[in-house]
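Biologist: I am new to this structure. Please show me how to read it, one feature at a time.

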Amino acid sequence: MSREKTDFWVGLFVLLGAAAVVFLALKAGNLSSFSFGATYSLSANFDNIGGLKVRAPVKSAGVTIGRVAGISFDDKTFQAVVRLDIEQGYDFPTDSSAKILTSGLLGEQYIGIEPGGEDKNFAQGDKIRYTQSAVVLENLISQFLYGMADKQGSSQQPAQDAPGQ
Amino acid sequence: MTGIVRNIGSLGAAVRGRVSALGFFTRFLGRLLGASGIALSRPRLVSQQVHFIGNYSLLIVAVSGMFVGFVLGLQGYYTLNRYGSEDALGLLVALSLTRELGPVVTALLFAGRAGTSLTAEIGLMKAGEQLAAMEVMAVDPLRRVLVPRFWGGVIAMPILAAVFSMVGILGGYLVGVRLIGVDSGSFWSQMQAGVDVWNDVFNGIVKSVVFGVAVTLIALYEGWQAKPTPEGVARATTRTVVAGSLSVLGLDFLLTALMFGN
């Protein structure tokens, strides 16, 4: 085979490889959801973050407006400190609140931001004061069960007392 | 008494043989890397080998990837459907391919398709005394023959693995979405939500580079060390496939433990 032909096929082979990597990164991977725009960072303390992970989305009204940049533990307040990178251009009032929510029943967890009513907006490095922790299924079930038990106990109280009198 | 001494002696000889083979193997790698300047000064030698090793392996790799994707689609659907989570089919197909199956199956095919031909070619060159003739002409055969083949294999292998994963995902899409009827939107969106570019895609590429180095090196080493007889070349070719495949599987376990262990 002539040199030019070999070169052509090798070039095509390498191009195909590059196309495959781009396909894996963009179509199969999450590179397309990386935002390379400027961001500003906020922080929020939560009592319990549940299964929140770094790079989880930050959403407001269901639209992704940022990502979780880091999660650490504060041993003074015994709370989780979550750093959020919010895309520049999305401003929120300083009394906005952050909640940890779950997409679907068993989906991944994300942070939802509910806008408040203040005139001033968050600036770089501010802390979100109003937060709501993740719902932990075990706590929910035990609350429900104790609630049931309490209710049953109080409704059965007169009936149990009656024979004794 | 002499029997015990002989047994101990043969044990020692076996251990010494292994250790010296390992040392020779490492020095062989060192010499290859040391002589790699020719890959830069005469890149056409490397691109010829990429053509020989890569382009000719492309068809078998793409077809295998397609069928592996088909099977993952069918089998994954069957299992996920029991738990009512067939939406995660895309994630399952993409993660298995980019993290494990893509690099590993491609490396096994690569050992069988390209590794054997490298070993046989070099073994026959040695048997035909072509390598000795080169040395007489003051051409270093390691530099002129082995180095371009080594770099050709190292370059071709990650490309083949990426093509394998891509074709496999498309195969899973064909079976899962077109044939079975999983929702196309959730197939891709679950995949994009779950596959991380650095953790999964990039680590898969790192794996395929490591496998490319290991398989090509073993193939070249076996050819270089082959006895210059028809039987010796046959044995060397067999050893290439056996040692290459086993080292790919062993390395894969190590790399997986390192990359995804925690």
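Modeller: Start with a hairpin in chain A. S3(A) and S4(A) form it, with four residues between them. In the turn, A:Phe78 has a positive phi of about 55°. This is a predicted model: local features need pLDDT of at least 70, side-chain atom pairs count only at pLDDT 80 or more, and totals for chains, interfaces and linings use all residues. Residues are numbered from 1 along each chain as its sequence is written, with chains lettered from A and ligands numbered from 1 in the order in which they are written.

Biologist: How many bridges join S3(A) to S4(A)?

Modeller: Strands (E, at least two residues) are DSSP runs, numbered from the N terminus. Two strands pair if DSSP finds at least two bridges between them. Here eight bridges join S3(A), residues 63–74, to S4(A), residues 79–87. The two run antiparallel. A:Gly70 has A:Arg83 in S4(A) as its bridge partner.

Biologist: Which residue takes a positive phi in the hairpin of S2(A) and S3(A)?

Modeller: A:Ala61, near 55°. That hairpin has two residues between the strands. Four bridges join S2(A), residues 57–60, to S3(A), again antiparallel. A:Lys59 stands opposite A:Thr64 in S3(A).

Biologist: How many residues of chain A are in contact with chain B?

Modeller: Contact means C-beta atoms, placed from the backbone, within 7 Å. By that rule, 19 residues of chain A touch 23 residues of chain B. The chain A side has twelve nonpolar, five polar and two charged residues. Nonpolar covers Ala, Val, Leu, Ile, Met, Phe, Trp, Tyr, Cys and Pro; charged covers Asp, Glu, Lys and Arg; the others, Gly among them, are polar.

Note on methods:
Contact = placed C-beta atoms within 7 Å.
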